[in-house]
Amino acid sequence: MAEEFARFWPALIVAGMLILALVLMWLGWRNRRKRQAALDVVPVPPAEIGEEFARERALYVATTLAEQPLERVVVGGLGFRAQAELVLARGGIVLSLAGRPSAFIPLADIRGVGLASWAIDKGVEEGGLVFVRWVLGETPVDSYLRSADPDRLLAQLTELSPTAAAAARRENAPTDPSGEATA
């Protein structure tokens, strides 16, 4: 009996470590939500969004606090990677994420667009991600998207908001882990 019990000790230790890791991950996520409780509610698309001029399927990677690419925003369904459909209209961007309510980025809240090569846990080739810098309430955030054709998506976003594209070129774009600008 003691011999059989001794065989299960390693499995019990591994199971305990996994449970501890899950509990710590849950606590971290909960604390992040508490820290971001001051962020405004993510806008929902209004009834009238203006003329639609582009529609694009992409992988939504993440939304982070602006210029803090490791600080994921977890409010309003923005916390997890998902397949997305973007509708670019004269009034702004509708971001429909699989399994979540649609979000809306009003044109007036867009502060910049550009290309990046990494965000949080996703690293891709140079310019493989498209980011949209926008203001959530009073907090600037960056939303990262992985498109099959990032240059085309960037061109469409630039057409939507030429002033935001110009601002993105002037400001410091998201940087890679070595600190070099990538946009």
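Q: Before we start, what does "buried" mean here?
A: A residue is buried if its relative accessible area is under 20%. Keep in mind that this is a predicted model.

Q: How do strand 1 and strand 2 pair, parallel or antiparallel?
A: Antiparallel, over two bridges; strand 1 covers residues 52-65 and strand 2 covers residues 68-72. Together they form a hairpin.

Q: How many residues sit between them, then?
A: Two, and Glu 67 in that turn has a positive phi of about 60°.

Q: Which residue stands opposite Arg 72?
A: Thr 64 does, with Arg 72 being in strand 2.

Q: Let's look at Gln 36. Where is it?
A: Gln 36 is in the loop between helix 1 (2-35) and strand 1.

Q: Is Gln 36 buried or exposed, and why?
A: Gln 36 counts as buried because its relative accessibility is 7%, and the cut-off for buried is under 20%.

Q: What is Gln 36 in contact with, leaving aside neighbours within four places in sequence?
A: Arg 72, Val 73, Val 74 and Val 75. That's the Arg 72 that stands opposite Thr 64.

Q: Last one: what about contacts across the chain?
A: Among contacts between residues at least 6 apart in sequence, 60% join residues at least 24 apart.

Methods. Residues are numbered from 1 along each chain as its sequence is written. This is a predicted model: local features need pLDDT of at least 70, side-chain atom pairs count only at pLDDT 80 or more; totals for chains, interfaces and linings use all residues. Side-chain values use heavy atoms; hydrogens and water are left out. Two strands pair if DSSP finds at least two bridges between them. Helices (H or I, at least four residues) and strands (E, at least two) are DSSP runs, numbered from the N terminus. Contact means heavy atoms within 4.5 Å. Buried means under 20% relative accessible area, exposed over 50%, partly exposed in between (1.4 Å probe, protein chains only).
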